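Biologist: Let us go through the labels on this model one at a time. For each, I would like the value and the rule behind it.

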Amino acid sequence: MNTKKLAGIIVACTIAIIVVIVIVIPPLMPTPTQDESPLPTPTITKLEDQTLIVRIGPENQRRLYFNLDRSGVVRGTIEVVKGESIDYYFYKEPRELGREEAKGIRIVRSSFEVQLDQGSYCLLVMALRWHPDDTDEERTVSVYLEFES
């Protein structure tokens, strides 16, 4: 085969490839439609960000109440800043014993994430004396809760 024929074949193949790339492929590519709107950005609402002083004994428990007007995810972090461990229970009102969305027993730090429906909820925090060496009369507890819908 002579060089002129080979050069002609190479040019013809190159042109065919360019035609396929420029003319044939673009109509086959999907185009965005008006139905393909961007996903909504989640809304994050801070429910609580405070420090509680919780005195020893079940009669001194602290309760924080929340009303959620839609379903979503609640994320929480509870941490003892000063003192021994605490107990917490996060539940839907009215409370059914043994049915908590999240709980921590004898914790110093705990995080949770729960999917919740619309409704009223309560976070109960209490401090009990678990051993005789525990001489603190109160606990300082940091509570942070956020709601994402």
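Modeller: Strand β7, residues 119–126, is mostly covered, with 7 of its 8 residues buried. Buried means under 20% relative accessible area, exposed means over 50%, and partly exposed lies in between, with a 1.4 Å probe and protein chains only. This is a predicted model, in which local features need pLDDT of at least 70 and side-chain atom pairs count only at pLDDT 80 or more, while totals for chains, interfaces and linings use all residues. Residues are numbered from 1 along each chain as its sequence is written, and side-chain values use heavy atoms, with hydrogens and water left out.

Biologist: What makes β2 and β7 a pair?

Modeller: Two strands pair if DSSP finds at least two bridges between them. Strand β2 (residues 62–68) and β7 have 7 bridges in the antiparallel sense, so by that rule they pair. One of the bridges links R63 to L124 in β7. Strand β4 (residues 86–92) also pairs with β7, antiparallel, over 6 bridges, and D87 has M126 in β7 as its bridge partner.

Biologist: Which strands pair with β8?

Modeller: Among them are β1 and β3. Strand β1 (residues 44–55) pairs with β8 (residues 138–148) in the antiparallel sense over 11 bridges, and K46 is bridged to E146 of β8. Strand β3 (residues 72–82) runs antiparallel to β8 and is joined to β8 by 9 bridges; there, G76 has L145 as its partner.

Biologist: Why is T140 called buried?

Modeller: T140 has 16% relative accessibility, and the limit for buried is under 20%, so T140 counts as buried. T140 lies in β8. Leaving out residues up to four places away in sequence, T140 touches T51, L52, I53, E79, V80, V81 and K82, where contact means heavy atoms within 4.5 Å.

Biologist: Why does V74 count as buried?

Modeller: V74, in strand β3, has 0% relative accessibility and therefore counts as buried. Beyond its neighbours within four places in sequence, V74 is in contact with residues including L47, L68, F90, F112, L145 and F147.

Biologist: Why is V22 called exposed?

Modeller: V22 has 54% relative accessibility, and exposed begins over 50%, so V22 counts as exposed. V22 lies in helix α1, residues 3–28. From V22 to V81 the C-alpha distance is 65 Å, at 59 residues apart in sequence.

Biologist: How many helices and strands does the chain have, and how do you know that it is more spread out than a compact globule?

Modeller: The chain has 1 helix and 8 strands, as DSSP runs numbered from the N terminus: helices are H or I of at least four residues, strands E of at least two. The radius of gyration, taken over C-alpha atoms, is set against a globule rule of 2.2 Å times the number of residues to the power 0.38. The chain comes to 31 Å, well over the 15 Å that the rule gives for 149 residues, so it is more spread out than a compact globule. Its C-alpha atoms fill a box of roughly 100 × 35 × 25 Å along the principal axes.

Biologist: What share of the residues is buried?

Modeller: Buried residues make up 30% of the 149 in the chain.
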